[in-house]
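Please read them with the sequence and coordinates open.

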Amino acid sequence: MPTYPRPLSSRLPHVGTTIFTVMSALANEHGAINLSQGFPDFDAPADLLALLNEHARAGHNQYAPMTGVPALREAIAAKVAALYGAQYDVDAEITVTAGATQAIFTAVAALVHPGDEVIVFTPVYDSYGPSIELQGGKVVYADLTVPGYRPDWDAVARLITPRTRMIIINSPHNPTGTIWTAEDMVRLEALVRDTDIVIVSDEVYEHMVYDQARHESVLRYPGLAERAVVVSSFGKTYHVTGWKIAYCLAPRELMAEFRKAHQFIVFTVHAPSQYALAAFMSKPGWYEQLKALYQGKRDIFRQALSGSRFELLPCQGTYFQCVKYGAISEEGDRAFVERLTREHGVAAIPVSAFYPNGDDHGVIRFCFAKSATTLEKALERLIRL
């Protein structure tokens with residue numbers, strides 16, 4: 001096989017294979033139940049699949065508009081108006097993207113200049129840092145306090161400098177399952193007032209908030225919405241992560257810059273999926289059903305582990321449950337999840353993977369977006385530890 005003729009200078013020298021790929025491969029190798037990577041093992045709604053087939057057969061198989069199919073953008077506008085009272089222009093302020101990761105990358109590519117600083121919160125979803133570094137930006141880490149994983153706003157205030165261009169937030173939070181409160185949003189709103197800081201708000205788990213809590217979208221806060229790129233996910237919401245389809249909202253000035261980058265990163269997104277989603281979104285009651293589905297799975301998971309040696313941490317949102325395992329093992333979290341996979345047949349994610357320096361607090365994460373049969377088998381194994 002030919003080799004590159006001279007040493008290659010990597011743009012991301014410290015980045016390897018993601019922990020999700022590593023743990024899923026290990027689960028496959030050992031025939032383990034995969035509670036590591038965040039995707040359902042059950043199918044999408046039958047009506048949605050039927051709509052996909054219908055629109056593919058109806059000839060909607062060529063390039064969709066760069067900004068997204070108009071019917072889908074109209075459905076998104078109606079959704080955010082109904083849920084959050086936010087009004088977005090269908091033509092100028094909504095763009096359909098090839099997944100939420102692409103939307104976040106595109107926002108960073110469009111708005112961050114070399115030398116700009118971007119604040120992210122640790123533990124942090126693994127795509128944020130590389131997206132910033134590839135644009136020549138500097139990642140600035142704000143630690144969520146352990147074990148409650150709450151933002152320390154006084155500490156965040158000290159991190160803001162004249163070079164701060166962007167703050168990326170994520171609620172409900174992956175990997176910890178915590179949600180930000182109205183007080184958090186008001187504090188953030190005050191911090192960025194009278195600045196040029198852009199907020200990127202990753203809200204892909206917006207419909208998975210439990211125990212009657214309210215999702216505090218930045219769309220509810222005018223001082224944040226006016227400077228925010230808000231990202232949500234059809235894949236997470238409709239059990240179709242493999243479709244890789246999401247959307248973002250932003251004021252027209254920000255969206256104009258976003259689209260300049262978007263058109264050269266992916267240009268357009270799978271057309272039949274867009275038509276199918278637009279039609280499906282007109283069906284009432286889905287978001288309530290989704291919340292009830294995942295709260296039920298969360299409650300079953302927590303109840304089963306409550307009598308085990310795992311220590312449950314709060315899970316207010318998302319479809320992930322974090323636990324401490326100190327009563328079972330003194331191993332580091334990476335060693336523990338690997339052994340859990342090999343010897344006990346259940347794969348999880350070490351939360352140290354979400355820290356830039358691998359900070360290990362003895363916490364691992366399970367995904368409970370699985371069928372009842374999968375969860376029952378996994379829980380039988382976990383409660384024996």
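1. A residue counts as buried when its relative accessible area is under 20%, as exposed when it is over 50%, and as partly exposed in between. The model under review is predicted. With a relative accessible area of 0%, Y319 is buried by that cut-off. Y205 is also buried, because its relative accessibility is 4%.

2. The next point concerns aromatic pairs. Over the whole structure, 20 of them are found. One is formed by Y205 and Y319, with 5.4 Å from centre to centre and 80 degrees between the planes, an edge-to-face arrangement. Y205 sits in the loop between β6 (198-202) and α8 (222-225), and Y319 in the loop between β9 (311-312) and β10, so this pair ties together parts 114 residues apart in sequence.

3. Y319 has a further ring partner in F320. Their ring centres are 5.2 Å apart and their planes lie at 75 degrees, so this pair is edge-to-face too. Both of these residues, Y319 and F320, are buried.

4. Elsewhere, a single aromatic cluster is made up of F234, Y238, Y247, F280 and W286.

5. Is D184 buried or exposed? D184 is placed in helix α7 (residues 182-192), and its relative accessibility of 6% makes it buried. Its side chain has a polar contact of 2.5 Å with the side chain of R150. The D184 side chain also reaches the backbone nitrogen of T181, at 2.9 Å. Setting aside neighbours within four places in sequence, the contacts of D184 are R150, P151 and W153.

6. E331 also has an arginine partner, R339: a polar contact of 2.8 Å joins the two side chains. E331 belongs to the loop between β10 (320-324) and α13 (333-344). Its relative accessible area is 26%, and therefore E331 is partly exposed. Not counting residues up to four places away in sequence, E331 touches Y325, F336 and R339.

7. Now the pockets. Rolling a probe the size of a water molecule over the atoms shows where empty space is left. The largest pocket has a volume of about 640 Å³. Its lining has 25 residues, and H14, V15, D126, A353 and Y355 lie nearest the centre. By class, the lining of the largest pocket splits into 15 nonpolar, seven polar and three charged residues.

8. Which element gives the largest share of the lining of the largest pocket? That is α5, with four residues. At least two residues each are supplied by α1 (19-30), α5 (128-134) and β4 (138-143).

9. The second largest pocket has a volume of about 490 Å³. This pocket is lined by 25 residues, and those nearest its centre are G38, T101, Y125, K236 and K244. Two or more lining residues come from each of α1, α4 (100-111) and α9 (234-237). The largest share, three residues, is from α4. The lining of the second largest pocket consists of nine nonpolar, twelve polar and four charged residues.

Technical notes: Residues numbered from 1 in each chain as written. Predicted model: local features only at pLDDT ≥ 70, side-chain atom pairs only at ≥ 80, totals over all residues. Heavy atoms only, no water. Buried < 20%, exposed > 50% of the residue type's maximum accessible area, 1.4 Å probe, protein only. Polar contact = N/O pair within 3.5 Å; in protein donor to acceptor, adjacent residues only side chain to side chain. Contact = heavy atoms within 4.5 Å. 1 Å grid on protein atoms, 1.4 Å probe; cavity = no way out; pocket = protein on both sides within 12 Å on 5 of 7 lines; lining within 4 Å. Points joined across faces, edges and corners; volume = space filled by probe spheres on them. Nonpolar A, V, L, I, M, F, W, Y, C, P; charged D, E, K, R; others polar. Phe/Tyr/Trp six-rings, centres within 6.5 Å; stacked < 30°, edge-to-face > 60°.
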